[in-house]
Amino acid sequence: MLKQLPHRMKMNMTLSIKKVFERYMETIGWDETKYDAATLMEQWRHYLYNKATWFAELDDAIKTNPQFHEQLAARINEIIDQLVNEPPTDEQIAEINRLVERLGIDDFPYGCKLEAKYHIERLQQELKKKKS
């Protein structure tokens, strides 16, 4: 059923999944011990019904079809798996190392590109505060 959707809609769906996952992980500080799938899915539902224009464009018959929701759940899992398994770039690693050194803090683990992005933004904010 998902495969039959227009390419633009599938792309927007993927971007929505990534956005919601990234925002959720930011709210828990990328602390895996705080991860709660039910909370993530609640945020997903809220986004889906209130902000996802691609979902609003779907026919009601598709929206109520259990097969669609099964395929969508599988797609969510697939995207999240891809995101958490995408390694940080060399540039991200170098930037984190630079920021850690400038801030004089201990190195910390980060496992994927999105998590590295989060920490870079967080450390850059910390550095700005330190300079003020």
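Biologist: How many helices and how many strands are there in the protein chain?
Modeller: This is a predicted model. Read along the sequence, the chain follows the pattern α-α-α-α-α-α-α. The protein chain therefore holds seven helices and zero strands.

Biologist: What is the radius of gyration of the protein chain, and what does the globule rule give for 132 residues?
Modeller: The C-alpha trace spans about 55 × 25 × 25 Å along its principal axes. For 132 residues the globule rule gives 14 Å, and the chain lies well over that, so it is more spread out than a compact globule. Its radius of gyration is 18 Å.

Biologist: What percentage of the 132 residues is buried?
Modeller: A residue counts as buried when its relative accessible area is under 20%. By that cut-off, the buried share of the protein chain is 35%.

Biologist: Of the contacts between residues at least 6 apart in sequence, what percentage joins residues at least 24 apart?
Modeller: Contact here means heavy atoms within 4.5 Å. Among the contacts between residues at least 6 apart, those joining residues at least 24 apart make up 60%.

Biologist: What share of the accessible surface belongs to carbon and sulfur atoms?
Modeller: The accessible surface of the protein chain comes to about 8,500 Å². The share that belongs to carbon and sulfur atoms is 52%.

Biologist: How far apart are the mean positions of the positive and negative charges?
Modeller: The protein chain has 20 positive and 22 negative charges.

Biologist: How many salt bridges does a search of the whole structure find?
Modeller: Side chains of opposite charge can pair when their charged atoms come close. The cut-off for a salt bridge is a side-chain nitrogen of Lys or Arg within 4 Å of a carboxyl oxygen of Asp or Glu. Over the whole structure, the number found is eight.

Biologist: Which residue forms a salt bridge with Lys117?
Modeller: The N to O distance in this pair is 2.6 Å. The pair links distant parts of the chain, with Lys117 in helix α7 (residues 113–131) and its partner in helix α1 (residues 7–27), 95 residues apart. The partner of Lys117 is Glu22.

Biologist: Is Glu22 buried or exposed?
Modeller: Glu22, in helix α1, touches Leu114 and Lys117 when residues up to four places away in sequence are not counted. Lys117 has 33% relative accessibility and so counts as partly exposed. With a relative accessible area of 12%, Glu22 is buried.

Biologist: About how many helical turns separate Arg45 and Glu42?
Modeller: Arg45 and Glu42 form a salt bridge, their closest N and O atoms being 3.4 Å apart. Arg45 is partly exposed at 40% relative accessible area, and Glu42 is partly exposed at 46%. Because the two are three residues apart in helix α2 (residues 37–50), their separation is about one helical turn.

Biologist: Which helix holds both Arg122 and Glu126?
Modeller: The side chains of Arg122 and Glu126 meet in a salt bridge at 3.3 Å, N to O. Arg122 is partly exposed at 28% relative accessibility, and Glu126 is partly exposed at 31%. They lie four residues apart, about one turn, in helix α7.

Biologist: Which residues does Phe108 touch, leaving out those up to four places away in sequence?
Modeller: Phe108 lies in the loop between α6 (90–103) and α7. At 17% relative accessibility, Phe108 counts as buried. The residues touched by Phe108 are Ile96, Val100, His119, Arg122 and Leu123.

Biologist: What is the phi of Trp30?
Modeller: Trp30 sits in the loop between α1 and α2 and counts as buried at 7% relative accessibility. Its phi is positive, in a residue other than glycine. The value for Trp30 is near 55°.

Biologist: How far apart in space are Lys128 and Asn12, C-alpha to C-alpha?
Modeller: Lys128 is in helix α7 and is exposed, with a relative accessible area of 53%. In sequence, Lys128 and Asn12 are 116 residues apart. Their C-alpha separation in space is 34 Å.

Note on methods:
Residues are numbered from 1 along each chain as its sequence is written. This is a predicted model: local features need pLDDT of at least 70, side-chain atom pairs count only at pLDDT 80 or more; totals for chains, interfaces and linings use all residues. Side-chain values use heavy atoms; hydrogens and water are left out. The radius of gyration is taken over C-alpha atoms; the globule rule is 2.2 Å times the number of residues to the power 0.38. Buried means under 20% relative accessible area, exposed over 50%, partly exposed in between (1.4 Å probe, protein chains only). Accessible areas come from the Shrake-Rupley method with a 1.4 Å probe; for residues, only the protein chains shown count as cover. Lys and Arg count as positive and Asp and Glu as negative; His and the chain ends are not counted. The place of a charge is taken as NZ of Lys, CZ of Arg, CG of Asp or CD of Glu.
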